[in-house]
Amino acid sequence: MPEATIVRAPGRVNLIGGHVDYHEGVVVAMAVNQSVYAAYISNDEGIARIRSFDFDTEVAIPVDRTIDPQTIMPTWGRLAGGVVQALQRAGEALRGVDVIVGSDLPIGAGLSSSAAFEVALTSAMLHAVDRSLPPHRLAEICQTAELLGSGVACGLQDQTTSISSRVGFALRLDCRDQSVAHLPIPREAAVVIIDSAVTRTLAGSPWGQRRAESFACAQALGLRVLRDATLQQVADNPRGRHVVAEIARVEHFASALRRGDLQRAGALMLESHASSRDNFESSTSELDLLVELSMEAGAFGARLTGGGFGGCVVALVPKHRAEHIAIE
């Protein structure tokens, strides 16, 4: 029996830059220790047979013809269908594979388990035909898979971070030109992720409504995306005000990390959370409380991470306090 090949794709935590990636803004994120793993062997049946270790169910998707991912049951398999169709649309040659997918990444915590799933499965299917792609192209295919499988029109942040992160570094991603820069996390600092235990999926949250409201702001200004707006132009629109100010905050945060100025970086995270809460209205009382408790425990700064509406808080903390803050 042939030996299975294993590929790994980590989840990500968004340090700063909430709801700006789909406006071609700039974000800073980093990979987390937890990942999605895909073990695969090729088959000659023309079928992508994918079994979820976590859900203990299986889907079978033909690779030689197109099927609508939204018709696949169980529903977790729709992302797998999105991956197959995205690869087909990209003109990639596919062959049958038997895949087992497992994860130690919590689902619904805002750590991009869906993007990690897409990256792991897409990588496995490409490896099966001895094919590799540049990171930006792989991220684009996985982004398309998300839209096809879940209906969520996400930006490129999650997939790019899963593909391109380095241990010990944060990743600055310009979502307009897809350029990536790696920012070292100062040795005296650590990143702590705290789960609010409020689970959510972007497709089932007000995420889509907030996205639409922010694009309505851009349209009212005659712009395609809010990356091209000024603060003066969006002063009277809270959704636009958040996006435009957040893009500027990200750049200041990246500069602060380069200088090792943790106090400034932390202050910018707090500003980001306040804007997410008050202008974009994507926070919850649980997330707000965790930010407050993190600061009381000695963090430099903290904010909600991911799309909000539940999930996790990310805190930048003194390294010697990291374990205490996580427990407290």
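The model is predicted: local features need pLDDT of at least 70, side-chain atom pairs count only at pLDDT 80 or more, and totals for chains, interfaces and linings use all residues. Residues are numbered from 1 along each chain as its sequence is written, and side-chain values use heavy atoms, with hydrogens and water left out.

**The sheet**

- Three strands make an open, antiparallel sheet in the order β8-β10-β9. Strands are DSSP runs of E with at least two residues, helices are runs of H or I with at least four, and both are numbered from the N terminus.
- β8 (189–195) and β9 (301–304) are the edge strands, each pairing on one side only. Two strands pair if DSSP finds at least two bridges between them.
- On average, neighbouring strands are turned by 20° against each other, direction ignored.
- β8 and β10 (residues 312–318) run antiparallel and are joined by seven bridges. I194 has V313 in β10 as its bridge partner.
- Helix α7 (residues 262–278) packs on the sheet and touches β8, β9 and β10. Its direction makes about 30° with that of β9.
- Helix α8 (residues 285–296) also packs on the sheet, touching β8, β9 and β10. The direction of α8 makes about 170° with that of β9.
- Axes are lines fitted to C-alpha atoms, for helices over the stretch in contact, and angles run from 0 to 180 degrees between N-to-C directions.

**The cores**

- The largest nonpolar core has 64 residues; V28, I50, M125 and F253 touch the most other members. Such a core is a set of buried Ala, Val, Leu, Ile, Met, Phe, Trp, Tyr and Cys residues joined through side-chain atoms within 4.5 Å.
- Helix α2 (residues 113–127) gives the most to this core, with eight residues.
- Another core, of 19 residues, lies apart from it and includes L173 and L226.

**Two buried residues**

- S214 is in helix α5 (residues 207–220). S214 counts as buried because its relative accessibility is 0%. Buried means under 20% relative accessible area (1.4 Å probe, protein chains only), exposed over 50%, and partly exposed in between.
- The side chain of S214 reaches the backbone oxygen of R211 at 2.7 Å.
- F300 sits in the loop between α8 and β9. With 15% relative accessibility, F300 counts as buried too.
- F300 and P318 are 18 residues apart in sequence, and their C-alpha atoms are 7.3 Å apart in space.
- Beyond four places in sequence, F300 is in contact (heavy atoms within 4.5 Å) with residues including L262, M295 and P318.

Conventions: Polar contact = N/O pair within 3.5 Å; in protein donor to acceptor, adjacent residues only side chain to side chain.
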